[in-house]
Protein chains: 4
Amino acid sequence: MAPLNVAMIGYGFMGKAHSNAFAQVGHFYPGVREVRRRVVCGRNRAGLEALARAWEWDEVETDWRHAVTRPDIDLVDICTPNYLHAEMAIAAAEAGKMVLCEKPLANNLAEAEAMAEAAARVPNFVWFNYRRVPAVVLARRLLEQGRLGRIYQYRAQYLQQWGPDPTRPRNWKMSKQTAGSGVNGDLNSHLIDTAMMLLGPIRELSATVETFLPEKADPANPGHTYRIDIDDAVLVQARFASGVLGSFEATRFATGYLNDNNFAVHGERGMLEFHFEDMNRIEYTDAGDDPEVRGRRKVVAPALGPPGDPHFWKTGHPIGYEHTFISSLADFLVGLESGDPARPTFEDGLAVQRVLEAVEASADQRRWVETGL
Amino acid sequence: MAPLNVAMIGYGFMGKAHSNAFAQVGHFYPGVREVRRRVVCGRNRAGLEALARAWEWDEVETDWRHAVTRPDIDLVDICTPNYLHAEMAIAAAEAGKMVLCEKPLANNLAEAEAMAEAAARVPNFVWFNYRRVPAVVLARRLLEQGRLGRIYQYRAQYLQQWGPDPTRPRNWKMSKQTAGSGVNGDLNSHLIDTAMMLLGPIRELSATVETFLPEKADPANPGHTYRIDIDDAVLVQARFASGVLGSFEATRFATGYLNDNNFAVHGERGMLEFHFEDMNRIEYTDAGDDPEVRGRRKVVAPALGPPGDPHFWKTGHPIGYEHTFISSLADFLVGLESGDPARPTFEDGLAVQRVLEAVEASADQRRWVETGL
Amino acid sequence: MAPLNVAMIGYGFMGKAHSNAFAQVGHFYPGVREVRRRVVCGRNRAGLEALARAWEWDEVETDWRHAVTRPDIDLVDICTPNYLHAEMAIAAAEAGKMVLCEKPLANNLAEAEAMAEAAARVPNFVWFNYRRVPAVVLARRLLEQGRLGRIYQYRAQYLQQWGPDPTRPRNWKMSKQTAGSGVNGDLNSHLIDTAMMLLGPIRELSATVETFLPEKADPANPGHTYRIDIDDAVLVQARFASGVLGSFEATRFATGYLNDNNFAVHGERGMLEFHFEDMNRIEYTDAGDDPEVRGRRKVVAPALGPPGDPHFWKTGHPIGYEHTFISSLADFLVGLESGDPARPTFEDGLAVQRVLEAVEASADQRRWVETGL
Amino acid sequence: MAPLNVAMIGYGFMGKAHSNAFAQVGHFYPGVREVRRRVVCGRNRAGLEALARAWEWDEVETDWRHAVTRPDIDLVDICTPNYLHAEMAIAAAEAGKMVLCEKPLANNLAEAEAMAEAAARVPNFVWFNYRRVPAVVLARRLLEQGRLGRIYQYRAQYLQQWGPDPTRPRNWKMSKQTAGSGVNGDLNSHLIDTAMMLLGPIRELSATVETFLPEKADPANPGHTYRIDIDDAVLVQARFASGVLGSFEATRFATGYLNDNNFAVHGERGMLEFHFEDMNRIEYTDAGDDPEVRGRRKVVAPALGPPGDPHFWKTGHPIGYEHTFISSLADFLVGLESGDPARPTFEDGLAVQRVLEAVEASADQRRWVETGL
């Protein structure tokens with residue numbers, strides 16, 4: 001089959017993570033359709049060329065509108081600041097291209113709805129990469145096996161600490177206009193996507209949103225500050241459609257935690273707990289164990305590969321963050337062939353956006369709101 | 001000085017914990033006033049006699065009203081089911097006795113107010129024993145030293161797992177009439193007391209309360225169930241008067257956790273985290289550390305003794321749960337002499353009760369409420 | 001039955017730990033014979049009186065020879081520096097008294113042999129208290145149940161860090177004359193006793209002994225140093241009679257570790273691991289678990305009480321170091337009544353001493369030696 | 001500069017790990033000389049072709065002798081069973097090729113000496129990949145900074161559990177003829193290489209070697225067993241030339257541990273500890289910290305990239321085992337250009353082999369032996 005020609009828009013941290021996924025997917029998933037790194041787009045030609053050289057992209061382009069309509073392009077991958085997602089994804093879909101988009105899907109619900117509608121006609125996918133941490137995949141499988149029985153509670157936190165750091169350069173993540181929101185879209189979106197993958201839709205919620213430092217020193221402009229109009233922390237109490245009670249916290253002010261995305265599931269027959277800080281293991285309790293030796297188990301998750309080679313890196317040889325992108329891409333490519341599209345699709349990204357919007361509404365109105373899911 | 005003659009009402013698990021504290025306080029705090037185990041009261045004479053024999057109480061009594069007015073009694077210690085606290089504490093205070101009372105102070109706010117008023121005339125104390133975990137004392141000292149700078153967030157959880165256990169015998173903790181509430185009074189009260197000790201009053205909150213199993217099998221009555229009218233889990237979002245953002249969770253449905261009372265404090269200059277499962281240590285991050293070697297530290301807390309012998313059990317030789325009661329009692333006795341009454345007093349217990357009442361009101365009305373603090 | 005009248009010789013850290021055990025044993029083990037704290041002996045009257053006051057000893061004595069022959073004394077408990085054990089224990093046994101002795105049993109093998117011989121006629125016991133950590137008791141039970149199948153390897157470490165501390169006062173533990181050895185007797189003796197309790201006798205070994213700082217600053221004598229003639233660290237490779245391969249390390253130079261006494265047992269069907277730093281839990285792996293959820297389990301050990309009340313402090317409510325002494329004493333008292341003497345006896349202490357002596361011989365000769373066990 | 005044309009011999013687990021390193025090194029270290037995957041050699045053409053397809057090797061060859069002398073080949077990479085290393089490496093070096101070789105360098109000391117001699121004329125390198133775990137690199141840097149002061153003790157373990165697994169297929173690692181030794185060469189070699197990188201040469205040692213199951217069931221041949229003539233476990237006591245006391249353990253019989261390569265360094269001013277199970281962090285104690293907050297720190301190691309882009313994957317985003325190979329290769333390539341050859345060279349591999357040989361001699365003679373280093 002002909003290779004899939006990719007145009008990627010964006011070349012920051014995610015541009016590297018995606019480049020690596022495009023380069024590596026065929027190595028770890030040898031059966032998937034070949035992917036060709038055709039063109040990388042962005043505004044800064046020098047930056048683009050450095051990335052293209054290091055990661056073997058055939059070409060660079062500074063006009064994304066041209067790139068997404070080129071006849072030699074099959075797939076458009078978007079890893080730009082959030083506020084650009086909608087326009088780009090819709091243009092690509094309208095040009096008949098497959099569309100992959102970084103999370104959160106959009107700056108707001110209206111955009112997300114338009115994107116999901118436009119993308120309905122083409123294969124589409126959102127990079128909620130934490131779904132593909134092997135330990136999260138294991139947790140999902142154990143839940144699907146019914147090992148926990150009825151689920152009572154779900155608790156998830158995404159803890160980062162860079163919020164108060166005065167040396168951190170100002171960037172697009174610090175403005176509502178460019179990011180849509182703060183931790184709600186950046187971190188809470190991951191929590192919500194994982195939660196709904198594991199336990200189904202969230203029906204209603206009550207949220208609090210906080211900006212600890214509305215005015216922040218600008219390291220590029222000594223003596224000056226800039227206003228911050230996005231959220232530094234979000235707390236959510238939620239009820240899933242299944243009746244499960246949920247609680248969520250996302251924050252950039254959790255001093256002590258670089259990047260801990262964690263969750264726990266408590267059920268009548270057991271418990272599961274995950275911390276991204278220890279990403280190759282999961283904690284599991286089987287409530288039915290002999291009480292004399294019952295306890296939380298540290299289970300090492302197998303690294304996931306293609307059928308027939310499930311353990312490319314043998315279990316016990318840790319894999320890293322980058323594999324969540326490689327495996328996400330593999331899912332998308334497998335879904336293309338199988339006719340069973342990989343999740344999360346733009347529809348899934350839209351569902352997350354509904355929850356994010358409900359978080360803002362609830363925080364604003366200081367009461368419970370329905371998500372519409 | 002003459003010994004303090006004690007009448008203790010109640011002889012269950014807390015009756016043992018208090019007996020041990022009365023027996024041991026003079027050993028670990030040799031300077032304090034002598035305490036004499038005069039009389040233990042309750043309804044079941046056989047049970048009382050067994051406790052009295054094991055723990056060397058001089059006498060047993062089955063009429064608590066008589067016990068609390070005996071002229072030879074100086075101090076009444078109450079460790080009965082919650083619904084009895086108010087009546088007993090008020091009677092004791094009116095008889096001019098010092099009063100110590102198990103937590104939560106009362107079944108509801110009205111009772112707690114009456115108790116605080118009655119006890120105002122006598123030395124009084126509430127057994128929020130987790131204040132006196134050495135690692136919690138260390139956390140408090142580090143906060144008072146200002147090591148964390150401005151505090152942004154506080155997070156606390158009390159996780160137990162016995163809720164769904166079908167073999168668990170029905171007891172007074174499972175009924176609103178006798179317990180006032182479920183985990184709100186039983187577990188959340190500890191979280192709230194510790195939080196307000198560390199960070200001052202909670203001003204407003206938004207809470208969710210859940211009963212997962214409103215009908216439960218009665219192991220003593222095979223084939224029959226009983227109704228449960230108390231809360232199995234409580235979630236709280238809160239704002240302290242100081243502006244700190246708080247989140248709390250108390251639950252008996254956290255499969256995997258026997259008894260983990262934990263908290264984390266995130267500030268601009270550092271972090272503190274405590275888990276009762278690892279009760280002799282605290283995690284501490286100093287954000288000002290050399291970045292090359294910055295990380296969460298496991299700090300072993302010194303066991304606390306009297307002035308001049310701070311490390312009765314040398315640091316590194318773990319002490320247990322029982323010492324939280326011994327040291328609480330020592331605080332009370334030291335406060336008696338010094339004229340600076342030990343905390344938490346009934347006034348502190350009343351403040352906790354205001355928060356617990358606000359939790360119920362908020363959950364009921366599905367909106368934020370003020371605590372009045 | 002008449003109470004057992006105790007004379008305790010020594011009043012340092014162990015004097016306190018034993019006083020507590022004598023005071024508490026009846027509380028946690030209500031069925032055992034009553035113990036009476038009759039007389040505490042030592043050289044410093046003021047120190048003795050302070051201890052006697054705090055811990056309610058009836059009398060103090062500065063002449064231990066008189067104390068151990070008093071007709072009103074039934075049991076002599078020895079917690080003096082090692083070099084005094086033999087003389088005191090033999091005198092007490094010859095006076096027909098029961099004898100309890102701190103570990104290591106003696107300064108050397110010859111003394112230990114004489115002690116075991118003298119004590120053969122009276123009830124006797126050695127305070128190897130780590131046997132009675134609840135998690136160690138659990139490990140032993142799981143081994144006896146055969147859960148690990150054939151045992152391949154045993155590994156144990158006792159890590160402390162105070163060796164290089166220049167502020168540490170000089171004391172009897174730093175001299176061969178008074179302590180017999182350094183970490184070999186002080187720490188390795190615990191490792192060896194636990195190992196042989198769990199897996200039977202050690203048949204042969206190869207050891208290395210190290211003194212890192214043969215000259216140390218004397219904080220009491222600024223500008224002066226003193227010579228250290230004892231071992232700071234010991235490494236042992238060993239073979240048990242059962243064929244198990246063992247390795248041991250005891251050191252006071254393990255910067256970072258206050259007091260971590262740990263061991264691991266690897267067998268064909270599972271693994272057990274213990275760390276005194278987390279003394280209420282044990283790690284357990286069942287190699288027969290479903291591979292999908294196999295992993296090391298953190299099992300909380302139940303606090304051990306008398307028959308019928310196994311969980312005085314409910315599981316999940318940590319107990320501390322002091323309970324290892326209380327339970328050791330309870331074992332001794334139960335053994336008195338049952339006719340099945342509690343272990344470890346002086347014979348067990350002598351077996352440990354044979355291993356310690358073999359460690360020194362092996363280190364000296366730089367080759368493997370037989371222990372004679 | 002012209003790309004380096006590589007011939008790799010071997011296509012098992014290490015063949016994949018090396019292929020990945022060759023494919024990725026230019027992505028993460030964009031400045032290094034380009035590497036071209038020219039030819040992969042081995043005996044099984046089908047296996048070779050599958051690897052070549054998945055990892056984009058230009059060609060396959062079944063005659064390694066031809067491959068290593070082809071004029072279009074610059075570098076020969078050897079990842080075959082140990083017993084083939086010497087012949088292949090010497091042939092490649094004699095043909096003037098650069099040589100990279102998997103560890104351990106050889107089946108025995110004589111081979112290693114011949115290899116080091118032959119390779120002296122060409123760039124050479126041994127894949128002791130654990131040197132390049134970022135946390136190990138951090139440990140090394142902290143040691144070089146003198147943060148630990150005088151070092152007293154070093155302790156290292158390599159714990160695997162597959163030894164007793166009856167379903168494990170028989171392979172070349174289970175025979176002295178093909179592997180040279182068991183865990184001594186397979187696992188202990190890693191421990192020794194890391195130790196000597198961190199602390200310099202080991203001068204003398206005393207070792208024990210054990211084969212727990214000399215006869216093992218052959219899963220491919222039900223009802224039959226095969227003899228095992230290699231070591232299942234190795235214990236070593238050692239003294240470094242610097243005077244540091246070392247202890248080492250390598251075993252495949254550590255039930256409960258999939259792959260834990262760990263070490264601890266104790267010095268007068270601090271401690272470092274590493275566990276490969278938690279490969280992105282290191283524990284560090286600064287003995288000079290304020291005692292009130294002193295404790296073992298969990299320090300997250302930065303992922304290492306080229307100068308100017310040290311954190312390709314931002315700190316807090318774990319990287320995996322595969323990066324140890326990528327960075328090792330980058331070191332070699334940088335060393336080529338700089339004229340300061342990367343370590344470990346064949347000379348370093350030979351030094352490790354001297355220690356491994358001393359381990360066998362000591363175990364055989366049951367006494368201490370010099371390593372000759």
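## Domains, interfaces and strands of a predicted model

Within chain A, 34 residues of domain 1 are in contact with 36 residues of domain 2, two residues being in contact if their C-beta atoms, placed from the backbone, lie within 7 Å. This is a predicted model, in which local features need pLDDT of at least 70, side-chain atom pairs count only at pLDDT 80 or more, and totals for chains, interfaces and linings use all residues. Residues are numbered from 1 along each chain as its sequence is written, while chains are lettered from A and ligands numbered from 1 in the order in which they are written.

The two domains of chain A are domain 1 (4-127) and domain 2 (130-370), with bounds that come from an automatic or database domain assignment. Their C-alpha centres lie 23 Å apart. On the side of domain 1 of chain A that touches domain 2 of chain A, the elements giving two or more residues are helix 1 (13-28), helix 5 (109-119) and strand 6 (124-126) of chain A. Helices (H or I, at least four residues) and strands (E, at least two) are DSSP runs, numbered from the N terminus. Helix 1 of chain A provides the largest share of that side, 8 residues. By class, the side holds 23 nonpolar, 8 polar and 3 charged residues; Ala, Val, Leu, Ile, Met, Phe, Trp, Tyr, Cys and Pro count as nonpolar, Asp, Glu, Lys and Arg as charged, and the others, Gly among them, as polar.

Helix 1 of chain A also links two strands. Strand 1 (residues 4-9) and strand 2 (residues 35-41) of chain A run parallel and are joined by 6 bridges; strands pair if DSSP finds at least two bridges between them. The chain passes from strand 1 of chain A through helix 1 of chain A to strand 2 of chain A in a right-handed β-α-β crossover, that is, one whose path from the first strand over the helix to the second runs clockwise with the strands pointing away from the viewer. Strand 1 of chain A pairs as well with strand 4 (residues 75-78) of chain A, in the parallel sense over 4 bridges. A:I9 stands opposite A:C41 in strand 2 of chain A and opposite A:I78 in strand 4 of chain A.

Attention now turns to the other chains. Chain D is superposed on chain A by a rotation of 180° with 0.0 Å of shift along its axis (RMSD 0.0 Å), with copies superposed by least squares on the C-alpha atoms of residues with pLDDT of at least 70 in both. That is the relation of a two-fold axis. The same surface serves both copies, since 100% of the contact residues of chain D recur in chain A. In this interface, 25 residues of chain D are in contact with 25 residues of chain A. Helix 1 of chain D gives the largest share of the chain D side, 5 residues.

Chain B meets chain A through 29 residues in contact with 30 residues of chain A. Strand 12 of chain B contributes the largest share of the chain B side, 4 residues. That side has 11 nonpolar, 12 polar and 6 charged residues.
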